[in-house]
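Colleague: Please take a close look at one part of this model, the helices and their surroundings. Keep it brisk.

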Amino acid sequence: MPDDKIGPWSIGSPFGQQYWDTGWFGLLFTLIFMTFIIVNILRARSSKELFIRRIPGLNAIDEAVGRATEMGKPILMVPGLSDPVNAIAVQAINICAYVTRTAAKFSNPILMCAYSASMYTLAQEVIRDVYQQEGVPERFDPDSVRFISDRQFAFAAGVSGIIHREQTAATFFLGEFYAESLIFAETANSIGAIQVASSTEATQTPFFIAACDYVLIGDEFYAASAYLTREPVLVGSLVGQDWSKLFAITCILCGAVSQSIFSCNHAKKVQEVIAASGGDKAKITEGIANVKKEEKSAFAFSKLFRPGDVPEDIKIDRPVNPDAPATPAEEEGGTK
Amino acid sequence: MDPKRLSFWSVDPTSSNLLMFVIGTILVGFLIVFAISKAPTQARRPITWLLTFISGGVFVLFQYWPQPINFDKKTHLPANGVESVGVLLKDATSVFGTVSQVLAAFMLGLGIFSILRIHGSKIAKQQKDWVFSVVLLTAMFSMVLFGFWDFHIRTAIRTTDFDNPSNWGNVNMMRDFLFEGLLQQMDAAMFAIIAFFILSAAYRAFRARSVEATILLGTALLVIISLMGAVAGAWDGQVDAIAGTGSSKDLIRNLRVTEIASWIRNTFQTPAITGIKFGIGLGTLSMALRIWLGLERGGK
C-alpha cells in the first residue's frame, strides 16, 4: 500500500509524478491556453472582425519582392535549421509560400535552401503547389529548392556562396537559426540585399537586428501567416495567443502580490520565533525549521508556480518483475 | 509477459521473433504508403491528418496521463491499470520519435538526389564555376566511400585497438584526414568568421544615429566595461573610495559599474528575453495545436 505521507497527489490516487505537489498547474495552464486558442478560432470563423496591429517587418515582404523584381535578381529564402521538421519549420515554410506567391505573380526567380532532407522534401512540394495555385506551374524550377547540407557550417558556407554567386536582391531568413545567423545576414548585407529575418532563438535575434533591414521579433514570426492571409483560423489563434498573454500577465501580478504577502508573513513568524527563543541559537534554528515546514504544507498561490520534486524515499508496493536481474550478494558488491 | 518481449513496443534483439516483427512492420509501412498514394486527392488530407492526430495524441496523452512515481520497470511491474497505461505511453513516445527519424532517413536519399541533379547538370553543361561542383561531388563520394570502408574495417576486425592511430591502415588514415583533417577544420574556420562579422555588425548597430541607437550604444558600453577586469576594478574602486563609510555609502556603491551592468542584465535583459521566449512558446503551442487538429492549411 502507498505510504500515508504521500497524500492525495500520489499513485494511490489518479495522480502521477508529473502532478506531484502543485505540478498539475503547468498542465492546467496549457489546457487553458489551448481553450483560448480554440475558442477564438471558433469566434473568428463566425465572421467576427478581429483586429491585428501593423507589423512593419511583414509589410516589408512586398517591398523586398518588388525590389527584386525591379532589379531582375532572385529572392533567397532560408526556412531555418529545423531537423526534423517541426512547428517552427512549418511556419517558416508558410511565410516562404507567401513570398513565393508574390514572386510568382511577377515571374521573379526564387531560391530556397534547405538544411535537412525532410525540410527539402516539404519545401519542394509546397513551392510546387504555390506555382500551381497561381496558374503558372511551368514557372516552377525544381532546382530553385535545394538541399545544401545538414552540417551547420557547411550549410552556412553553401548559402553564403549562393548569396555571392547569384547576387540575390532580397533575402528571407525565417525559422530556427543558431551561430550561422550572422554569417548569412552579414554576407547578404555585403552585397546590398534587402533582408527580412526572424529567429525563434532569442540569442540570435540581436544579431539579426544588428545586420538586417526588418526583423520579426518573438511571436511576430507566428503572427505572420495570420497577418498576411487574414484567414479566420489563423487570426483566431493569434487572438487566442493574446488572451493567453493577458491571462499570464494577470497570474504574474497575482503571484507577485501573493509572494510579497507570503514573504511578509514569513518574516513576522521568524521574528516571533527569535523573540520567543530568548537568544538560544538551537531553539531559533529549530523554530525556523518548523516555520518552513508549516509553510511548505500550507497552500499559497506562489507555490502553484513551484512544483515540488518527488521525494526519492517514497516506497510504493509493487509486484516484483519476474525477469528482474538477480541482485548480487552484499559481499559481491550488492546492497541489502 | 513473454520473456523475449521487452514492452508492448519492443522485443529483445536476440529474439527469434525479431525478424518477423521487422518484416511485418515494413509490410504495414509499405501498405500505408501505397494506400495513401492510391487514395483520391481529397482523401489524402484526412488520412494524413488522422495519422498526425494519432501520433500527436500519444504525446499529449503522455503529458497528461499519470506517470508512476519512483518506478523502475527492470525490477518491478506496474501496481495497477493506471500505472500500466502510463508505462505503455512512456514506451510509445520513444517509438513514435524513432519512426520520424526513420522517415527522415528515407528523405535523405531525396536530398542527395537534389545535390546530384543540380551539380551534375552544372558539370554536364559546363556552366560557370562548374569545377567547384566537381570538387563538391568528389568530396561527397570520397567521404561516403572512406567513411563506410573505415566503419567496415573497424567492425570486422574487433581484436585491433583502433583508438590507437599506430594501428591504422591507409583507409583509416584517409577517413581521418577527410573528417578530422579537412571537414572539422573547415567547420572551425567558418565558425571563426563570426568573430569578424560580429565586429562589423556591431559597428553599424552602435552608430548613434537616433535616440534609441544612442541609448543602445551607452548601455552596451557599460556592459562591455563591466566585463573588462582592469577598467571595471578601477571604476568600482573609485566609487568605493567616494562612498567611504558614511551613512549613504550603500546608495553610492550602486554606481559601481559591475552593479549597473548587473542591474541592466537582471532588470531589462532577462525579463525582455523571457517575454520574447514566452511569446514564441505560445506561438509554437498555437501552431502545433492547429497542425494536430488539422486546422493548418500550410502554403495557402
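Modeller: The expected span of a helix is 1.5 Å times one less than its number of residues. Helices (DSSP runs of H or I, at least four residues) and strands (runs of E, at least two) are numbered from the N terminus. This is a predicted model: local features need pLDDT of at least 70, side-chain atom pairs count only at pLDDT 80 or more, and totals for chains, interfaces and linings use all residues. Residues are numbered from 1 along each chain as its sequence is written, while chains are lettered from A and ligands numbered from 1 in the order in which they are written.

Start with helix H1 of chain B, residues 18–38. H1(B) has 21 residues and reaches 30 Å from its first C-alpha to its last, close to the expected 30 Å. The number of buried residues in H1(B) is zero, so the helix lies largely in the open. Buried means 20 or more other C-beta atoms within 10 Å of a residue's own, exposed means 12 or fewer, and partly exposed is in between, with C-beta atoms placed from the backbone.

Next, a helix pair in chain B. Helix H6 (residues 211–226) packs on helix H9 (residues 257–292) at an angle of about 125°, with the axes 9 Å apart. Axes are lines fitted to C-alpha atoms, over the stretch in contact for helices, and angles run from 0 to 180 degrees between N-to-C directions. H6(B) and H9(B) are therefore oblique to each other. Under 35 degrees is roughly parallel, over 145 roughly antiparallel, 65 to 115 roughly perpendicular, and the rest oblique. From H6(B), the residues that meet H9(B) are B:Thr219, B:Leu222, B:Val223, B:Ile225 and B:Ser226. H9(B) brings B:Val257, B:Thr258, B:Ile260, B:Ala261 and B:Ile264. This contact has seven nonpolar, three polar and no charged residues. Ala, Val, Leu, Ile, Met, Phe, Trp, Tyr, Cys and Pro count as nonpolar, Asp, Glu, Lys and Arg as charged, and the others, Gly among them, as polar.

Now chain A, with ten helices and six strands. Buried residues make up 42% of its 336 residues. A:Thr121 sits in helix H4, residues 117–133. A:Thr121 counts as buried because it has 22 C-beta neighbours inside 10 Å. Setting aside neighbours within four places in sequence, A:Thr121 is in contact (C-beta atoms, placed from the backbone, within 7 Å) with B:Met107 and B:Leu110. Across the two chains, 69 residues of A are in contact with 61 residues of B. The chain A side divides into 42 nonpolar, 16 polar and eleven charged residues.

Helix H9 of chain A, residues 232–277, holds A:Asp242. A:Asp242 has 19 other C-beta atoms within 10 Å, so it is partly exposed. Its C-alpha atom is 23 Å from that of A:Thr203, 39 residues apart along the chain.

The loops carry some backbone features. Most residues other than glycine have a negative phi, and most peptide bonds are trans. A:Arg230, not a glycine, has a positive phi of about 55°. A:Arg230 lies in the loop between helix H8 (220–229) and H9 of chain A, and is exposed, with 12 other C-beta atoms within 10 Å. A:Gln167 also has a positive phi, near 50°. Its loop runs between helix H5 (152–166) and strand E4 (170–175) of chain A. With 13 C-beta neighbours inside 10 Å, A:Gln167 is partly exposed. Last, the peptide bond from A:Asp83 to A:Pro84 is cis, with omega near 0°. A:Pro84 lies in the loop between strand E1 (75–78) and helix H3 (87–105) of chain A.
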